[in-house]
Amino acid sequence: MLQRLALCSRLKVVTGGWQMKTCPRFTRAASQAKYFPTMCASCRHTAVRHWSNIPFITVPLTRTHGKSFAHRSELKHAKRIVVKLGSAVVTRGDECGLALGRLASIVEQVAVLQNQGREMMIVTSGAVAFGKQRLRHEILLSQSVRQALHSGQNQLKEMSVPVLEARACAAAGQSGLMALYEAMFTQYSTCTAQILVTNLDFHDDQKRRNLNSTLHELLRMNIVPIINTNDAVVPPPEPNSDLQGVNVISIKDNDSLAARLAVEMKADLLIALSDVEGLYDSPPGSDDAKLIDIFYPGDQQSITYGTKSRVGIGGMEAKVKAALWALQGGTSVVIANGTHPKVTGHVITDIVEGKKVGTFFSEVKPAGPTVEQQTEMARQGGRSLAALLPEQRGDIICHLADLLTEKREEILEANKKDMEIAVSGGRLSPPLLNRLSLSTAKLNSLAIGLRQIAVSSQDSVGRVIRRTRIANNLELEQITVPIGVLLVIFESRPDCLPQVSALAIASGNALLLKGGKEASNTNKILHQLTQEALAIHGVRDAVQLVSTREEVEDLCRLDKMIDLIIPRGSSQLVRDIQRAAKGIPVLGHSEGICHVYIDVDASIDKVIKIIRDSKCDYPAACNAMETLLVHRDLLRTPLFDQIIDMLRVERVKIHAGPKFASYLTFSPSEVKSLRTEYGDLECCIEVVDSMQDAIDHIHKYGSSHTDVIVTDNEETAENFLQQLDSACVFWNASSRFSDGYRFGLGAEVGISTARIHARGPVGLEGLLTTKWVLRGDGHTVSDFSEQGSMKYLHENIPVPHRTSN
């Protein structure tokens with residue numbers, strides 16, 4: 001077990017059974033190689049922290065205390081942090097004893113943050129519960145001994161435990177609680193110190209100065225102070241006495257204690273953990289209760305408070321009052337759940353990292369709506385959009401297409417600003433810069449695609465797919481309907497915004513857009529034009545652009561508000577979203593590892609054209625060729641030489657697969673992985689023995705995106721098309737045809753490699769689902785029982801084919 005290294009020679013600390021008294025140099029508490037040196041301010045020797053035997057680098061954190069943080073993203077800069085553990089967090093469900101598992105995970109998180117160079121303080125409850133457990137045990141043991149002596153037999157009468165006085169429980173539990181904290185923190189080589197306070201310690205100037213001095217000295221020595229009210233001597237709390245004026249807060253519970261302490265110590269952040277997710281706009285559990293992400297001081301009038309938690313003397317109202325008092329004093333506050341088994345192990349570190357956990361208290365109210373409000377606005381607007389006539393939705397899309405050409409100069413000017421910022425920053429690769437760039441030709445192509453979508457939208461929402469006569473006068477229909485609220489996350493692709501917006505409008509879906517900051521100027525004007533088009537039929541809010549500092553991971557947690565996530569970007573972005581999306585389906589592909597297989601019966605002209613187009617037309621696209629598979633018999637032939645020459649002329653860097661490299665005396669750089677998506681003028685060449693070998697290779701190393709065979713042998717081609725399990729399989733055609741516009745879908749929201757719902761380029765049809773509509777005349781299931789008068793018919797009724805104008 002790791003032991004705490006000694007501090008300065010002026011200190012004498014006993015932890016974990018070791019007595020340490022050291023010189024100014026660092027020494028070990030035990031003869032172990034794993035250690036954690038610490039340095040007193042008066043000793044100027046350099047120290048290196050170690051986690052186990054791995055060096056741990058601390059990040060310098062400096063911040064001038066004064067104003068609270070305005071945004072969650074700034075919480076990672078918090079240097080001094082107070083963690084308040086409510087009674088419901090620390091104690092078990094039976095209120096007799098501590099929740100050791102939760103406590104251990106909280107201790108670990110505090111230790112991790114402490115060892116990052118932060119200054120951590122804990123305000124804890126739990127002494128009463130721990131003492132109650134000890135006293136009950138003692139009373140029961142005492143009663144059992146007395147009954148055994150009096151009765152003379154082992155069978156004991158039913159024993160009752162008297163009501164225990166809280167102050168006595170606190171007195172009995174305080175030492176045990178501290179010993180437990182000390183033992184847990186010792187596992188992380190972190191020293192702790194106990195401080196018991198009362199209200200008088202803050203109201204008496206001398207005592208307050210002494211307390212302040214003690215806490216600062218402990219923090220300077222890298223010790224975690226553990227603070228609690230001295231419940232063994234404090235009087236019972238007075239109702240509604242937690243706040244007394246602007247500059248005074250009475251210590252009636254640990255909420256007010258944590259707030260007073262945080263302000264007194266000029267803490268950057270106060271984390272208050274309780275047994276609820278955060279602050280709700282109405283009592284948790286009520287039908288319409290919604291978790292408040294950010295709470296502003298002026299919003300308290302709109303809150304209805306419920307009852308307090310099962311233990312403790314505070315309640316949510318007390319927490320809010322204490323939080324607002326701390327906020328006024330310059331300390332940021334987050335109220336969150338510390339009891340949920342799925343989040344307890346990382347709730348504190350998540351808050352410090354700026355993730356959307358609990359309720360964040362802020363004095364700065366953003367000018368626009370929150371992302372939750374935007375999502376609700378989009379849902380309401382989407383329902384109105386779905387209720388429009390198909391012709392009206394088509395009008396909106398055509399108007400947007402017109403605006404793309406009419407406002408071309410403004411769009412290109414905004415895009416020019418984004419390009420200049422991206423180039424000067426130097427953080428975008430050439431492929432991403434190509435995706436970011438817009439041109440007149442791109443805008444014209446976009447407008448054409450949008451008009452195609454407008455035509456196809458005439459026969460989308462409300463189309464009857466199936467009609468069945470269940471019985472006489474009882475008919476069932478399956479019809480198409482929008483999915484609901486779509487969240488599309490895209491990076492470096494501003495042309496994605498009007499494409500996806502048009503598809504959402506055509507399918508009657510609400511749309512929430514999150515674009516990359518590298519295209520912020522272009523995205524802003526394109527979204528304004530989209531809303532201008534929507535406004536002609538009064539559904540402006542159906543498409544929303546998230547412009548707040550919302551992290552992608554936080555958006556993926558809105559499982560009760562978002563119905564489908566569609567990522568458009570790098571394979572890493574897609575993988576991150578697939579991992580982060582809890583309970584929300586994700587439509588997309590994580591990689592575009594596309595193959596072109598050159599069969600032994602392929603013709604030279606087709607081979608050269610298809611390879612050049614598949615790799616060189618747009619290398620950054622997800623449907624560009626990444627691996628070229630060549631039949632073994634084509635090696636050392638004029639056809640193979642022409643392929644290599646063409647790739648060299650096009651400046652394509654070649655990586656040799658293992659089999660190809662074995663045929664060469666001097667080979668190009670051998671590929672590191674056959675599952676590589678280059679996204680640039682690079683590709684892998686590998687040799688296969690047959691068409692079946694090519695199929696096996698693609699199944700093993702491909703991403704089920706788009707794969708091509710080039711051959712003049714029809715039988716070979718048909719076998720390839722039938723056996724290969726990819727979303728798109730082509731014969732004698734470039735992989736670049738895998739695109740919604742080229743498929744005649746007008747546009748696409750992405751290419752899906754999933755097995756259900758939609759696969760391949762996802763256009764309008766992929767954004768629709770179905771619902772069942774049953775029309776009857778007083779029918780009941782009992783009518784069809786053995787004694788009933790009706791029988792099932794289940795007759796298929798022909799569905800008339802609707803044609804678009």
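Reply:
**Strand 14 and its partners**

Strand 14 and strand 27 (residues 768–775) pair in the antiparallel sense over 8 bridges. Strands here are DSSP runs of E with at least two residues, numbered from the N terminus, and two strands pair if DSSP finds at least two bridges between them. Within this pairing, Glu 477 stands opposite Val 773 of strand 27.

A quick word on the background: this is a predicted model, where local features need pLDDT of at least 70 and side-chain atom pairs count only at pLDDT 80 or more, while totals for chains, interfaces and linings use all residues. Residues are numbered from 1 along each chain as its sequence is written, and side-chain values use heavy atoms, with hydrogens and water left out.

Now let's turn to another partner of strand 14. Strand 13 (residues 464–471) also pairs with strand 14 in the antiparallel sense, over 6 bridges. One place to look is Arg 466, whose bridge partner in strand 14 is Gln 478. Strands 13 and 14 form a hairpin with 2 residues between them. In that turn, Asn 473 has a positive phi of about 65°.

To put the picture together, strand 14 pairs with strand 13 and with strand 27, in the antiparallel sense each time.

How values were computed: Helix = DSSP H or I, 4+ residues; strand = E, 2+ residues; numbered from the N terminus.
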